[in-house]
Amino acid sequence: MNEKKVIAVVGATGAQGGGLVKAILDDPDGGFAVRALTRDATSARAQELVKLGAEVIEADNYDPESLEHAFAGAYGAFLVTNFWAHMSADRELEEAANLANAAKNAGLRHVIWSTLEDTRDHIPADDDRMPTLQEKYKVPHFDAKAEADALFTEAGVPTTFLRTTFYWENLATGWGATRDANGVLTLGLPMGESRLAGIAVDDIGRTAYGVLKAGDAYVGKTLHIAGEHLTGHEIAAALTWAVGENVVYRPMSHDEYRALGFPGADEAGNMLQYYTEFAEYFTGVRDLDEVRRLNPELQTFEQWLRAHGHTIPTE
């Protein structure tokens, strides 16, 4: 019997990594095994993964030695960073450098790096169409990940650069409809008439699994992914169906969004402005047919809502 290829999954108890863990464990004959990396192997989520058949090992993106130990003997890895835990581009780059070096030193044969576009390719840092953040970025959590791509290339790590996008889940965690002064559920996403590329977070993991099953076909390549491209009006219509109450799309301006004052509002406002002004590029490079070939279970927004519509807040 052929030995299974071990995939070390960073963020295995989180969103993207958790999706890949589930995809591998749901396919016991697929030829892959999970090594779930977590900072706390005793957590309830980590212990749940043990029960499901995953190997669980403690590691931290800021501890290079722990990463090398976790990667040792593995075939490949799924690598992701969580910018929102600290909201620092410098710290995200530090994490990425540690991951790239550990992958190189462990001799991994296929790494999937969860990354994003460099928005400065379209809006230079000195362009005053949107604020410059952290001294040299427009959308730090995009731009830093894109800068980090070169770390994997320079280290000679066989890498697939998986460019992700907006999660449908965000619409259930503060980005969705809120009630206006008259009590009307209102979607204020500042997208104008542009289409937003969205994806269910589990589909990031399932698509990554499809990349692994494709062997070397995507090594050295950049794959842009999404589940569907929708206008704000289309999102509001789908939300109306899901919550059983009319949801009206009244997009804010990007300046209004940046002024909302929550932590990271300037970052989120810049991101949404980028999505809006460069929607033709952003949706154009995300070939939904290619993504569906890798992940036949790819969900549209409506399909995601059928399973998760109950999580959409209406208060």
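Hi everyone. Let me start with strand 2, residues 32-38: six of its seven residues are buried, so this strand is largely enclosed by the rest of the structure. Before I go further, please keep in mind that we are looking at a predicted model.

Who sits beside strand 2? Strand 1, residues 5-9, pairs with strand 2 in the parallel sense, over five bridges.

Next, helix 1, residues 15-25. Eight of its 11 residues are buried, and so helix 1 too is largely enclosed by the rest of the structure. The buried ones are Gln16, Gly17, Gly18, Gly19, Leu20, Val21, Ala23 and Ile24.

Now let's turn to a helix pair. Helix 4, residues 89-106, packs against helix 5, residues 140-154, at an angle of about 25°, and their axes are 9 Å apart. With that angle, helix 4 is roughly parallel to helix 5. The crossing of helix 4 past helix 5 is right-handed. So which residues meet there? From helix 4 we have Ala89, Glu92, Leu93, Ala96, Ala97, Leu99 and Ala100, and they meet Pro140, His141, Ala144, Lys145, Glu147, Ala148, Leu151 and Phe152 in helix 5. By type, this contact of helix 4 with helix 5 has 11 nonpolar residues, one polar and three charged.

Three strands make an open sheet with mixed pairing, in the order 7-10-12. Strand 7 (166-167) and strand 12 (228-231) are at the edges with a single partner strand each, so one side of each has no neighbour in the sheet. Strand 10, residues 195-199, runs antiparallel to strand 12, and four bridges join them. Here alanine 197 stands opposite histidine 229 of strand 12.

What lies across strand 10 and strand 12? That is helix 7, which runs at about 95° to strand 12.

Helix 7, residues 232-243, also has a helix partner: its axis and that of helix 12, residues 301-308, come within 10 Å and cross at roughly 25°. Helix 7 and helix 12 are therefore roughly parallel to each other, and helix 7 passes helix 12 in a right-handed crossing. On the helix 7 side, the contact is made by Ile235, Ala238, Leu239, Trp241 and Ala242, and on the helix 12 side by Phe301, Glu302, Leu305 and Arg306. Seven of these contact residues are nonpolar, none is polar and two are charged.

Note on methods: Residues are numbered from 1 along each chain as its sequence is written. This is a predicted model: local features need pLDDT of at least 70, side-chain atom pairs count only at pLDDT 80 or more; totals for chains, interfaces and linings use all residues. Side-chain values use heavy atoms; hydrogens and water are left out. Axes are lines fitted to C-alpha atoms, for helices over the stretch in contact, and angles run from 0 to 180 degrees between N-to-C directions. Helices (H or I, at least four residues) and strands (E, at least two) are DSSP runs, numbered from the N terminus. Angles under 35 degrees count as roughly parallel, over 145 as roughly antiparallel, 65 to 115 as roughly perpendicular and the rest as oblique. A crossing is left-handed if the near helix is turned anticlockwise from the far one by less than a right angle, and right-handed if clockwise. Contact means heavy atoms within 4.5 Å. Ala, Val, Leu, Ile, Met, Phe, Trp, Tyr, Cys and Pro count as nonpolar, Asp, Glu, Lys and Arg as charged, and the others, Gly among them, as polar. Buried means under 20% relative accessible area, exposed over 50%, partly exposed in between (1.4 Å probe, protein chains only). Two strands pair if DSSP finds at least two bridges between them.
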